[in-house]
Amino acid sequence: MRLAIAILNWNGKSWLEKFLPSLIKYSQQAEIYVIDNASTDDSVTWISENYPKVKQVLNRENFGFAGGYNEGLKEICADIYCLLNSDVEVTENWTGPILDLFKKDESIAAIQPKILDFNNRNKFEFAGAGGGLIDNLGYPYCRGREFETIEEDKGQYNDIAEIFWASGCALFIRAKDFWNEKGFDERFFAHQEEIDLCWRLKNDGRKIYYCGQSTVYHVGGGTLKKQNPQKTYLNFRNNLSMMLKNLPSNKLYLIFFRFCLDGIAGIYMMFKDGFSHTWAIVRSHFGFYRQFGETLKRRQKHQIKVYYQTKWLIFKHFLK
């Protein structure tokens, strides 16, 4: 089973310097690629001079996370892709349990490892934690993370479990499944594109899994900081587009509830993070409207009726 580990890089030389050596050390059975998204630093030259065995794919421009992988993976031949963020530290034998799981069950399309916080190593990391889930209103959450509340790792998610979405920071996916779904939705640019992809895979009867026998440590915010309003914009816009694409027809009315809750979130963020984030939410709705027609065209013929693992998470969480 040919495994290709693909790191999407944009001006991330410092992360490559920090994490590429351990990746090479612990990934002997895989081919390692760096897909460069038109970096303006000297990442490409540095890799060529210091790690000539690492293969490079050079995109002609910065296509974002979604488009960058869509373009770069066209040049990579493998059975399994591992899409790995540049700010991830891997551990010994991190690929073995995941490849074993793929071999045991052909219906599994994608798998993620346990994702812990690089800077607080006994806690789960926001982007993926112990496997991604979703509620009926389209709010993504994880085993080990609800909104901003993050659990300590006490071995509670050392299992193997079917999940709803696998984190894009360390996403193992069969190449045939990736291309059967035509890859990521490039309009997303970045954020929640992996949730959309996993939802489409689930609509087509494929499975998404979490493997707690494999562990990585993620820094988070390596390219776009959490405090950046553009991150707020992309998360809110893409979440609405994802719902319009993937909700069953009789649940599309839930988007109206999200409009109302986004308004409340905008007021909350004005006091918490400043007006720039409130304005980002406003802009995200206009961005969603601009994509509306094309998003409708991208709806699949079939949507799974039970897509959520809990209902009304936002109310349960904040009331609690």
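This is a predicted model: local features need pLDDT of at least 70, side-chain atom pairs count only at pLDDT 80 or more; totals for chains, interfaces and linings use all residues.
Let's begin with strand E12, which covers residues 170-174. Five of its five residues are buried, so the strand is largely enclosed by the rest of the structure. If you follow the side chains along E12, you will see Ala170, Phe172 and Arg174 pointing one way, while Leu171 and Ile173 point the other way. The residues on both sides are buried, and that includes the charged Arg174.

Strand E4, residues 80-84, runs antiparallel to E12 and is joined to it by five bridges. To locate this pairing on your screen, look for Tyr81, which stands opposite Ile173 of E12. Strand E6, residues 108-117, also pairs with E12 in the antiparallel sense, here over two bridges. A handy landmark for that pairing is Ile111, whose bridge partner in E12 is Phe172.

H3 spans residues 64-72 and is mostly covered, with eight of its nine residues buried. Those buried residues are Gly64, Phe65, Ala66, Gly67, Gly68, Tyr69, Asn70 and Gly72.

Is Arg200 buried or exposed? Its relative accessible area is 7%, and the cut-off for buried is under 20%, so Arg200 counts as buried. Leaving aside neighbours within four places in sequence, Arg200 is in contact with Glu181, Gly183, Phe184, Asp185, Lys245, Asn246 and Gln300.

Arg200 is also one of the residues lining the second largest pocket. Alongside Arg200, the lining consists of Asn180, Glu181, Lys182, Gly183, Phe184, Asp185, Glu186, Lys245, Arg298 and Gln300. About 240 Å³ of space lies in this pocket. By class, its lining has seven charged residues, three polar ones and one nonpolar one.

The structure holds one cavity of 30 Å³ or more, and the largest cavity has a volume of about 50 Å³. Which residues line the largest cavity? They are Ile7, Trp15, Leu16, Phe19, Leu20, Leu23, Leu84, Asn85, Ser86 and Val88. Helix H1, residues 13-25, gives the most to this lining, with five residues. Here the classes come out as eight nonpolar, two polar and no charged residues.

Finally, a look at the cysteines. A disulfide is a covalent bond between the sulfur atoms of two cysteines. How many disulfides does the model have? The count comes to zero. Cys211 is in no disulfide, and the nearest cysteine sulfur, that of Cys82, is 12 Å away. Cys211 is buried, with a relative accessible area of 0%, whereas Cys260 is partly exposed, with a value of 42%.

How values were computed
Residues are numbered from 1 along each chain as its sequence is written. Side-chain values use heavy atoms; hydrogens and water are left out. On a 1 Å grid over the protein atoms alone, a cavity is a set of points where a 1.4 Å probe fits but cannot get out, and a pocket is an open set with protein on both sides within 12 Å along at least five of seven lines; lining residues have an atom within 4 Å of a point. Grid points are joined across faces, edges and corners, and a volume is the space filled by probe spheres set on the points. Helices (H or I, at least four residues) and strands (E, at least two) are DSSP runs, numbered from the N terminus. A disulfide is a pair of cysteine sulfur atoms within 2.5 Å. Buried means under 20% relative accessible area, exposed over 50%, partly exposed in between (1.4 Å probe, protein chains only). Two strands pair if DSSP finds at least two bridges between them. Contact means heavy atoms within 4.5 Å.
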